[in-house]
Amino acid sequence: MTASSAALAALSGLGFGLSLIVAIGAQNAFVLRQGIRGLHVLPVIAVCAVSDIVLIAAGVAGFGTIVEAMPALLTVARYAGAAFLLGYAVLAVRRALSSSTLIAEGAGATVAVGASVLTCLALTWLNPHVYVDTVVLLGSFASTYAAPERWFLAAGAMLASVLWFLALGYGARRLAPLFARPLAWRILDSVIAAIMLALAAGLLLA
């Protein structure tokens with residue numbers, strides 16, 4: 001293995017990782033909302049990034065074949081994830097319809113860091129698409145590389161995850177002036193509710 005082949009594998013992993021993660025989904029919507037509020041941003045980013053790193057490592061190590069061989073695991077995750085997404089959608093709708101809540105959030109109301117972390121963990125690990133993307137798709141892509149280069153590809157994909165969540169979480173703070181108005185929160189929570197409902201429906205109808 002040469003330095004150039006290792007660098008090429010890492011760049012391939014970076015690009016492939018970004019192509020999988022840069023999409024509107026439950027996890028990204030939650031990170032965006034936390035970033036705008038400036039609430040427990042670092043712990044939430046850490047949960048997302050570490051989870052991706054673990055899943056990417058599992059995929060590159062060959063666990064994708066295990067997941068494919070045990071479809072019941074994805075079925076359980078599918079229904080559990082759909083139930084959680086439906087519940088989160090209901091909460092988003094309630095926030096969108098409650099002007100007092102929106103004003104309180106704009107004034108800096110806080111939620112326990114544990115609650116934010118648990119919500120982020122659920123949105124990550126109860127989403128079967130996460131396993132398909134990181135463990136199965138990325139694992140299959142990595143299997144086309146030789147063993148040493150495979151882990152450089154994994155490192156590139158892991159870096160993509162870390163960079164994306166840092167940019168999303170802390171970049172969202174620039175939108176804070178816009179969300180000083182309750183109407184902006186109402187619109188955001190309505191969009192989040194629609195995303196969660198669509199994802200839940202997709203899981204149930206898959």
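**Figure 1. Val93, a residue of helix α4.** Let's start at Val93, which sits in helix α4 (residues 71-97) of a predicted model. With a relative accessibility of 36%, Val93 falls in the partly exposed class. Look across to Val191 here: 98 residues separate Val93 and Val191 in sequence, yet their C-alpha atoms are 9.3 Å apart in space.

**Figure 2. The protein chain as a whole, before we zoom in again.** How many helices and how many strands does the protein chain have? The count comes to 9 helices and 0 strands. Reading from the N terminus, the elements simply go α-α-α-α-α-α-α-α-α. The protein chain has 206 residues, and 42% of them count as buried. Now take the contacts between residues at least 6 apart in sequence: 88% of these join residues at least 24 apart.

**Figure 3. A salt bridge between Arg33 and Asp189.** Side chains of opposite charge can pair when their charged atoms come close. Searching the whole structure turns up 1 salt bridge. Its partners are the side chains of Arg33 and Asp189, with 2.8 Å from N to O. Arg33 belongs to helix α2 (residues 26-37) and Asp189 to helix α9 (residues 182-205), so this pair ties together parts that are 156 residues apart in sequence. Are these two residues buried or exposed? Both Arg33 and Asp189 are buried.

**Figure 4. Helix α1 crossing helix α8.** Two packed helices are described by the angle between their axes and the distance between the axes. For helix α1 (residues 3-21) and helix α8 (residues 147-171), the axes come within 6 Å and cross at roughly 40°. That angle makes α1 oblique to α8. The crossing of α1 past α8 is right-handed. On the α1 side, the residues making the contact include Ala6, Ala9, Ala10, Gly13 and Gly17. Among their counterparts in α8 are Phe152, Leu153, Gly156, Ala157 and Ala160, along with Trp164 and Phe165.

**Figure 5. Ala6, a closer look at one residue of α1.** Ala6 is part of helix α1, and it is one of the α1 residues in the contact with α8. Its relative accessibility is 7%, so Ala6 counts as buried.

**Figure 6. Helix α2 packed on helix α8.** Here α8 meets another helix: α2 and α8 pack at an angle of about 45°, and their axes are 7 Å apart. The arrangement makes α2 oblique to α8. Which residues meet here? Gln27, Asn28, Val31, Leu32 and Gly35 come from α2, and they meet Trp164, Phe165, Leu168 and Gly169 of α8.

**Figure 7. Helix α8 from end to end.** Several α8 residues are buried, among them Glu149, Leu153, Ala154, Gly156, Ala157 and Met158. Further along the helix, the buried set also includes Ala160, Ser161, Phe165, Leu168 and Gly169.

**Figure 8. Helix α6 and its buried residues.** Helix α6 (residues 113-125) is made of 13 residues and reaches 18 Å from its first C-alpha to its last, close to the 18 Å expected at 1.5 Å a residue. Which residues of α6 are buried? They are Ser116, Thr119, Cys120, Ala122, Leu123 and Thr124. An α-helix has 3.6 residues a turn, so residues three or four places apart point the same way.

**Figure 9. Helix α7, with Val132 in view.** The 15 residues of α7 reach 20 Å from the first C-alpha to the last, close to the 21 Å expected at 1.5 Å a residue. Buried residues here include Pro128, Val130, Tyr131, Thr134 and Val135. Val132 also has its place in helix α7 (residues 128-142), but Val132 is partly exposed, with a relative accessible area of 31%. From the C-alpha of Val132 to that of Gly59 is 9.5 Å, and the two are 73 residues apart along the chain.

**Figure 10. His40, in a loop.** His40 is found in the loop between α2 and α3 (41-69). Most residues other than glycine have a negative phi. His40 is not a glycine, yet its phi is positive, about 50°. At 22% relative accessibility, His40 counts as partly exposed.

Note on methods. Residues numbered from 1 in each chain as written. Predicted model: local features only at pLDDT ≥ 70, side-chain atom pairs only at ≥ 80, totals over all residues. Heavy atoms only, no water. Salt bridge = Lys/Arg side-chain N within 4 Å of Asp/Glu carboxyl O. Helix = DSSP H or I, 4+ residues; strand = E, 2+ residues; numbered from the N terminus. Buried < 20%, exposed > 50% of the residue type's maximum accessible area, 1.4 Å probe, protein only. Expected span 1.5 Å × (residues − 1). Axes fitted to C-alpha atoms, helices over the stretch in contact; angles between N-to-C directions. Parallel < 35°, antiparallel > 145°, perpendicular 65-115°, else oblique. Left-handed = near helix turned anticlockwise from the far one by under 90°. Contact = heavy atoms within 4.5 Å.
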